[in-house]
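Trainee: I have a structure to read. Please set each label against its cut-off as we go.

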Amino acid sequence: MTAARKRTAVLISGRGSNLEALIESARDPSFPAEIALVVANRPEAAGLAFARASGIASSLVDHKIYAGREEFERSLQILLELHQIEFICLAGFMRVLTPWFVRLWEGRMINIHPALLPAYRGLDTHARALADGVKIHGCTVHFVRPALDEGPIIAQAAIPVLDTDTPESLAARVLAEEHRIYPEALARLASGRLKAEGNRVFSGGPIVASSPLRVPFGDDNPQTMETK
Ligand code: GRF
């Protein structure tokens, strides 16, 4: 008998392209997580419509109608419990979570950030990377800790910065990598393959890493840089 798929909620605030990537991956019945709930904190979040069209329970918990962060999060928590959620993926969720909520979900809540952490925490990561003249940029999936964009790193993908890059072109190539590593990170979390020791996360099992630029999930993308 195959193990039950882990009931996972995705929290969004906007476009929802990472949500789409997670939903697409989870359509495969052998994927170890099921996207069981999508929650947005903004009514205009486009990802809500995609979730609905995919037949996934989706809810708006509009932070503006709550007196404060804790009230908002208590409402969110009730919803998560009602849907028997085991894991949370933050996917463009633009709301700082309180230490109370983060601790409740410690080890069970992950985030995707559009930079190679610990560089470029916060917003406008692509413009800041270009302004600094870095030659390699990318994205990170990490466990969520109370401090913003901090927490043990599960996976990263890196891309070369091109002379012709603008913040938009860089964002587009990083986003394509986000869509690759986020579902894989969730799969490894949901199948119990991640072990954290301090800040280091070990994926367990065999890892095919033909390109050191997408670590530890290996590479099937010919666009990534050749490295020796
Ligand atoms: C992504 O770049 C993600 O890394 C960041 O917010 C953006 C969300 O994009 N946290 P989308 O809503 O998933 O398209």
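Mentor: Start with one pair of residues. Ala9 has Ile88 as its bridge partner in β4. Bear in mind that this is a predicted model.

Trainee: What makes β1 and β4 paired strands?

Mentor: Two strands pair if there are at least two bridges between them. Four bridges join β1 to β4, residues 87-90. That meets the cut-off, so they count as paired. The two run parallel.

Trainee: How do you know that β1 also pairs with β2?

Mentor: Use the same test: at least two bridges. Here there are seven, linking β1 to β2, residues 33-40. These strands run parallel too. In β2, Ile35 stands opposite Thr8.

Trainee: What do β1, helix α1 and β2 make together?

Mentor: A right-handed β-α-β unit, with α1 spanning residues 17-26. Point the strands away from you; the path from the first strand over the helix to the second runs clockwise, and that is why the label is right-handed.

Trainee: Is β1 mostly covered or mostly open?

Mentor: Mostly covered. Five of the seven residues in β1, residues 6-12, are buried. Buried means under 20% relative accessible area.

Trainee: Next, the charges. How many salt bridges does a search of the whole structure find?

Mentor: Eight. Arg145 with Glu106 is one of them.

Trainee: Why is Arg145 with Glu106 called a salt bridge?

Mentor: The limit is 4 Å between a side-chain nitrogen of Lys or Arg and a carboxyl oxygen of Asp or Glu. The closest N and O atoms of this pair are 3.6 Å apart. The value is within the limit, so the label holds.

Trainee: What does that pair tie together?

Mentor: Parts that are 39 residues apart in sequence. Arg145 lies in the loop between β6 and β7, Glu106 in the loop between α4 and β5.

Trainee: How far apart in helix α6 are Glu184 and Arg188?

Mentor: Four residues, so about one helical turn separates them. They also form a salt bridge, with the closest N and O atoms 2.7 Å apart. Glu184 is partly exposed at 26%, while Arg188 is buried at 7%.

Trainee: Now the ligand. Which residues are around it?

Mentor: Among them are Arg15, Gly16, Asn18, His113 and Glu178. To be listed, a residue needs a heavy atom within 4 Å.

Trainee: Last one. Why is Thr140 called buried?

Mentor: The limit is under 20%. Thr140, in strand β6, has 0% relative accessibility, so it counts as buried. A polar atom of the Thr140 side chain lies 3.0 Å from the backbone nitrogen of Leu117.

Conventions. Residues are numbered from 1 along each chain as its sequence is written. This is a predicted model: local features need pLDDT of at least 70, side-chain atom pairs count only at pLDDT 80 or more; totals for chains, interfaces and linings use all residues. Side-chain values use heavy atoms; hydrogens and water are left out. Buried means under 20% relative accessible area, exposed over 50%, partly exposed in between (1.4 Å probe, protein chains only). A polar contact is a pair of N or O atoms within 3.5 Å; within protein, one must be able to donate a hydrogen and the other to accept it, and residues adjacent in sequence count only if both atoms are side-chain atoms.
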